[in-house]
Amino acid sequence: ATILLGTLYPLIFDVLNLGKISVGAPYFNRVFSPIMLIILFLMGFVPVSHWKQVFLKSMFQALLFAFCIGAILFLLLYQFKLPWSGLLGVILAIWVIVMTLKSVFLCSVKKENKNNLLRQSSMWFAHIGLAFCALGIVLTSVLSVERDVKMAPGDMVSVGSYQFKFVGLYDLKGANFKGVQANFEVMKNEKVLSTLTAE
C-alpha cells in the first residue's frame, strides 16, 4: 500500500493539475521505517506464540527476555554512536534472530515430529532472513558516507577519513571499442592506499 501510494501520488497530482511532484527516497524512508520497526518487534513474539492459542505466560517471558536482550545490546552498541533509529533497528533485528534461535532450541528439546519441524523451519529461515535484511539496510543507511562532486584532473575531495585525488583521464583503444579511463588515488593521512579506475 505504501509503495502503491508513493508511486501513484505524483500521477494523481499531475492528472488533477495540482502541479508536478516527485516522490523519492525520503518518502519511503519516512514511511517504511516505523512500519518495519513494528513488524520486527512483533516478529520476535511469533516463534514463541502458538497458532489459534494465546499463552500469556510465554508472551510475558518473551517480553522480559526482549527487554534483557535489548538492554545488553544497547550497552554494547551505544559506544558505536549510532543514531537512535539505527540503534533501535539493530536491537530489534537481533531480537528477532535470538527469539527465532530460542524457538529452534525449544523444538529440538521437545523433539517435535518431522512435519511440525518442516513447517517451523520455513518460518525460522524467513524470520532470520528478514532480520539480516533489516540489519543490512539499517547499517548501510546509518554508516554510509556519500558525496556527489564535480572533479577535474588534479582535484582532491575528502569523504569520511579518506581523500580521493583525480589523477587524470586517459584514452583507451581496444580491438572493438574506444573509451576514456579516469584514474583516482585513494589516500588516508596523506599516504596513498590504492588506485581506482573508472571507465
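Lys165 stands opposite Glu185 in strand E3. This pairing belongs to a predicted model, in which local features need pLDDT of at least 70, side-chain atom pairs count only at pLDDT 80 or more, and totals for chains, interfaces and linings use all residues. Residues are numbered from 1 along each chain as its sequence is written, and side-chain values use heavy atoms, with hydrogens and water left out. Helices (H or I, at least four residues) and strands (E, at least two) are DSSP runs, numbered from the N terminus.

**The sheet**

- Four strands form an open sheet in the order E1-E2-E3-E4, with antiparallel pairing.
- Strand E1 (156–159) and E4 stand at the edges with a single partner strand each, so one side of each has no neighbour in the sheet.
- Direction ignored, neighbouring strands of this sheet are turned by 30 degrees against each other on average.
- Two strands pair if DSSP finds at least two bridges between them.
- Strands of a sheet pair through backbone hydrogen bonds, either parallel or antiparallel.

**Strand pairs and hairpins**

- E1 and E2 are antiparallel and share four bridges. Met156 has Lys165 in E2 as its bridge partner.
- The hairpin of E1 and E2 has two residues between the strands. In this hairpin, Gly160 takes a positive phi near 65 degrees.
- E2 and E3 are antiparallel over 10 bridges. Leu172 stands opposite Gly179 in E3.
- Strand E3 (residues 178–188) pairs with strand E4 (residues 191–198) in the antiparallel sense, over seven bridges. In E4, Val192 is the bridge partner of Met187, and Ser194 stands opposite Val186.
- Two residues lie between the strands in the hairpin of E3 and E4, where Asn189 takes a positive phi near 55 degrees.

**Aromatic pairs**

- Rings of Phe, Tyr and Trp (its six-membered ring) pair if their centres lie within 6.5 Å; planes under 30 degrees apart count as stacked, over 60 as edge-to-face and the rest as tilted.
- By this rule the count is two aromatic pairs.
- The ring centres of Phe166 and Phe184 are 4.9 Å apart and the planes are at 20 degrees, so this pair is stacked.
- Phe166 sits in strand E2 (residues 162–173) and Phe184 in strand E3, 18 residues apart, and the pair links distant parts of the chain.

**Helix H1 against H2**

- Axes are lines fitted to C-alpha atoms, for helices over the stretch in contact, and angles run from 0 to 180 degrees between N-to-C directions.
- The axes of helix H1 (residues 2–15) and helix H2 (residues 25–43) come within 11 Å and cross at roughly 165 degrees. That makes H1 roughly antiparallel to H2.
- Angles under 35 degrees count as roughly parallel, over 145 as roughly antiparallel, 65 to 115 as roughly perpendicular and the rest as oblique.
- H1 and H2 cross in a right-handed way. A crossing is left-handed if the near helix is turned anticlockwise from the far one by less than a right angle, and right-handed if clockwise.
- H1 contributes Thr2, Ile3, Leu5 and Gly6 to the contact, and H2 contributes Tyr27, Phe28, Val31, Phe32 and Ile35. Contact means heavy atoms within 4.5 Å.
- The contact of H1 with H2 has seven nonpolar, two polar and no charged residues. Ala, Val, Leu, Ile, Met, Phe, Trp, Tyr, Cys and Pro count as nonpolar, Asp, Glu, Lys and Arg as charged, and the others, Gly among them, as polar.

**Helix H2 against H4**

- The axes of H2 and helix H4 (residues 84–110) come within 8 Å, crossing at roughly 30 degrees. That makes H2 roughly parallel to H4.
- The crossing of H2 and H4 is left-handed.
- From H2, Leu37, Leu40, Phe41 and Met43 meet Leu88, Gly89, Leu92, Ala93, Trp95 and Val96 in H4.
- By class, the contact of H2 with H4 has nine nonpolar residues, one polar and no charged.
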